[in-house]
Amino acid sequence: MTDRIRDFLTARAEQVPVVSDTDVVVIGAGPAGLSAAVSAARNGARVTLVERYHHLGGMASGGMVLVLDDMVNDGTEIVTTGIVSEFVDRMQRQDGAVFPPPEDCQTNWEMWQKWARWGCIDFHKQGMPQPIIHAVAFDPDAWKRVSLDLVAEAGIELRTHSWFSEAIVENNRVTGVIVQTKLGRQAIRARMVVDASGDLDVAASAGASFATGQFIVTTVFRLMDVDTARAEAFEYENPEAFKALDRQARRVIGGAWGMWWLKTPLPGVVWCNCPHMPGYDGLSPEHMVEAEYEGRRRMMALLEFARANLPGFENARMLGAAEQMGIRQTRLLQGEYIVTKDDVKKRRHFADSVCRGRDYYTPYRALLPRGIDNLIVAGRHYSVESEAQKQSREIPPCMAQGEAAGVAVAKALQANCALRDVDVRAIQKQMRAQGADPGDMPSANALIEPIAAA
């Protein structure tokens, strides 16, 4: 927090060793960055992937956001595909992913009781029961394993334990990055840079325009030794008693989504995407320390309440909190186009759409900073209004952004042109060739703006 800064010093000049010289450097190996790196490498680029933690996967693994959603438009039209689909298939083969078969994607109480506690519901729909849709519950370690497999298979140079420090900028062109490691600062030269940091670290360092926002933060955790069959039986057989206890549990934890616990692929292990804690700045070390203390206090209070009061939780134990704090919003790019809440709400279609989420479309321009070359962003920090970002920041659409960014940098390298000059139709075509939906063909419920007369 800047109000705690009381003094400044001048650091000594230094020579920074160059440890890599590559076509593309991707900062951040979370879902968006992984997708960008794999996509760029598969399209012929030499790629270096930089990650501050020891593991890959970001919020999907270290952050333990253990349900993939926001992939289905109205009904059963799955629109967020590509590398995210490959992750799901590979994790399922390792018994690390669970999702409903197409025939179970219905709207009735039978399917609700079968799938709701896996998180496979359309929570955007009003009324009960909500529809069962294609969503995926997964194990975080399975995500880490698949991530490493994809990186190795694509021939990507991986540099973990490397914390982004600053962008190298020459004449408004980003030509590389400097990272901090246990061996000191190290430089990576690159012809193209993908900022998948989640907090817009690279673009902000390079001088890109951005806005700041806040949303709830969460210290996600898991409980073990839960009798989920007994817990579900109590919920459905004693609905009024369940609702009363569930309200008390919510007061103890201090805020949660519709269901504060969900099943995971590991028997007896449940995922708790809570507590919801507003008012914390995800860029402030002091705020993050305070949130860590507060989150752990709340989760242990909930465990004590659950063991004493909730059928099925009598023998529950704390399996552990996520390695990464659940930060939902910090810096947001102010790029060549800023996606608005109205765009998301009205399902506005863009001619230069290169990726999509549930029923919203992301234009290529929203991945590009203004006035800075050789840099593209992918992830929750893309060019979007704060309120719109809260509705368009889930993991699968961020992966689609990363996949599109990977195609874009490869196309720019092949054509020896600026990223803003890449043929968007070529990106769209390649995305479809990779099994992804770039959003070039709008769904029936999209808002198609009329073309203005000349």
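1. The lining of the second largest pocket comprises seven charged, four polar and two nonpolar residues. In this classification Ala, Val, Leu, Ile, Met, Phe, Trp, Tyr, Cys and Pro are nonpolar, Asp, Glu, Lys and Arg are charged, and the others, Gly among them, are polar. The pocket has a volume of about 190 Å³. Of its 13 lining residues, D74, H124, R347, R358 and D359 are the closest to its centre.

2. The model is a predicted one, in which local features need pLDDT of at least 70 and side-chain atom pairs count only at pLDDT 80 or more, while totals for chains, interfaces and linings use all residues. Residues are numbered from 1 along each chain as its sequence is written, and side-chain values use heavy atoms, with hydrogens and water left out.

3. Pockets and cavities were found on a 1 Å grid over the protein atoms alone: a cavity is a set of points where a 1.4 Å probe fits but cannot get out, a pocket is an open set with protein on both sides within 12 Å along at least five of seven lines, and lining residues have an atom within 4 Å of a point. Grid points are joined across faces, edges and corners, and a volume is the space filled by probe spheres set on the points.

4. Four cavities of 30 Å³ or more are present.

5. Strand β12 (residues 221-224) runs antiparallel to β14 (residues 270-272), with three bridges between them; pairing requires at least two DSSP bridges. F221 has C272 as its bridge partner in β14. Four bridges also pair β12 with β15 (residues 317-321) in the antiparallel sense, where R222 stands opposite G320.

6. How many disulfides does the structure hold? There are zero, a disulfide being a pair of cysteine sulfur atoms within 2.5 Å. For C272, the nearest cysteine sulfur, that of C274, is 5.2 Å away. C272 counts as buried because its relative accessibility is 0%, buried meaning under 20% relative accessible area (1.4 Å probe, protein chains only).

Conventions
Buried < 20%, exposed > 50% of the residue type's maximum accessible area, 1.4 Å probe, protein only. Helix = DSSP H or I, 4+ residues; strand = E, 2+ residues; numbered from the N terminus.
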